[in-house]
Amino acid sequence: MSLVLSPLAALGRNTLAALAMLGRITLFALSTFSHILRPPYYPREVFNALMQVGWLSLPVVGLTAIFTGGALALQIYSGGARFNAEAVVPQIVAIGMVRELGPVLVGLMIAARVTSSIAAEIATMKVTEQIDALVTLSTHPMKYLVGPRVLAALVTVPLLVGVGDIIGILGGYTVGVQNLGFNAATYIQNTVDFLEPLDIVSSLVKGAVFGVIAAVMGCYYGMNSGRGAQGVGRATKGSVQAAAILILAANFLLTGVFFSV
Amino acid sequence: MIELSDVHKSFGDNHVLRGVNLSIPKGTSMVIIGGSGTGKSVVLKCILGLIQHDSGLITLDGQDVTKGDRDAFLARFGMLFQGGALFDSLPVWQNVAFRLLRGSLKRPWAEAREIAIEKLRRVGLTPEQADKYPAELSGGMQKRVGLARAICAEPEIIFFDEPTTGLDPIMSGVINELIREIVVEMGATAMTITHDMTSVRAIADNVAMLHGGKIRWTGPVSSMDNSGDPYLEQFITGSAEGPIEAVR
């Protein structure tokens, strides 16, 4: 009997644990927004976070987008050639980058670059009692550490997605015009004509949601880190894994919300 | 006056505090001694509210520390952490003046810097150290910066968590002397956690020994050596033989 029941029990235990964790993360996120809205505010910390999350992520986002846009153009051209549809490269690159690849790739790059750094920094602060020190100095860690980082991600990741979309399209354009023989003006005209406002809005909304997920995961895992170097390592690994999975899951849900007929 | 009455705290199955009773009169220096892992830091963190105690009462001037305005409560405290707990991302002077750069005690940037440099000078550091980052300082210097941060807003109560751990004997002596001087000069209530007996003799007015989750012995530092308590005697002499098990 136990042979039959124990896998079921394990499944139940893991499901309950996952749901409990999701609940804790949701409460953490709600608490973060409540702290962001209430004073005291720390503008210097917000500025630093804007630089870290937004400005310094631009190179990695730009490089990711340009290579992806270029590769996408090549794929669509060679795939489209199978049914004489090579001409749709500008349209498909635009829709693919703006609706899907731009937000998802930027989200994943932010999870790799920002979530990991936030989790490692906050976890190290916890392990070295810096979080306790903040409290004794009458400073709430949720307001001083978490709020500014989440706010910065909420503001800058949609902008990064916007920039990523444009650079991705430019990557496709460059390959299309230089290698695939497209006319430059026609390529741009086709791109602009084909994109709809909803495509752009969905892209930016996804960026905002993914940014919040990335920053909240980094902060949550950092604040709940275990002891020592191992605790910091686990927090960092866990935060990136959780952020990446939640970003992909949220992408599926948001795509359904925006584009399901 | 800080008073703890029958304070209990467990972490899972580990019942660390099993009814701690202790009072620290205003303006005195209390040192809590005890072996590693006996819950000395937990006592301190329970008073500050960094850890919630399970039962019992902790009061500051008769007020339950878990109730009332938390910011006002914490503004009365300064704390020197064991590892310094300096913020790596901020230069030394901003660490020291942390309280003065934000919150209710906020002052203009230049004034806060001036006060920070003055406090650094008080703990024997030159203004040249002010713009360095904590990672660029030695362990002893970091302790001094931590001490400067603890006293920067002139708190009424200062906590010192293992102030000499990891320092050489001479630097330990310097830190002990500084702590004693500062506490006397400021008229502050001090509570120190240590297992360094040299520190105890240099810093304490009163001593309390924590063992088995309770205060085993408490009294003035002058009567510590003839307490007649075998646990305290073993701790003072550092003997492996005695009622305290060497392997815990």
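Where does helix α4 of chain A bend? Helix α4 (residues 89-127) bends by about 55° at A:Met97, the bend at a residue being the angle between axes fitted to the seven residues ending there and the seven starting there.

## About the model

This is a predicted model, in which local features need pLDDT of at least 70 and side-chain atom pairs count only at pLDDT 80 or more, while totals for chains, interfaces and linings use all residues. Residues are numbered from 1 along each chain as its sequence is written, and chains are lettered from A and ligands numbered from 1 in the order in which they are written.

## Chain A as a whole

Let's start with the overall picture. Chain A has nine helices and zero strands; helices (H or I, at least four residues) and strands (E, at least two) are DSSP runs, numbered from the N terminus. Its C-alpha atoms fill a box of roughly 65 × 60 × 35 Å along the principal axes.

Of the 261 residues of chain A, 43% count as buried, with 20 or more other C-beta atoms (placed from the backbone) within 10 Å of their own.

## Back to helix α4

Helix α4 of chain A is mostly covered, with 29 of its 39 residues buried. Just after α4 of chain A comes A:Glu129, which takes a positive phi of about 65°.

## Where the chains meet

Here 15 residues of chain B are in contact with 12 residues of chain A, contact being C-beta atoms, placed from the backbone, within 7 Å. On the side of chain B that touches chain A, α2 (70-74) and β6 (77-80) of chain B each supply at least two residues.

Note on methods:
Contact = placed C-beta atoms within 7 Å. Buried ≥ 20, exposed ≤ 12 C-beta atoms within 10 Å, placed from the backbone.
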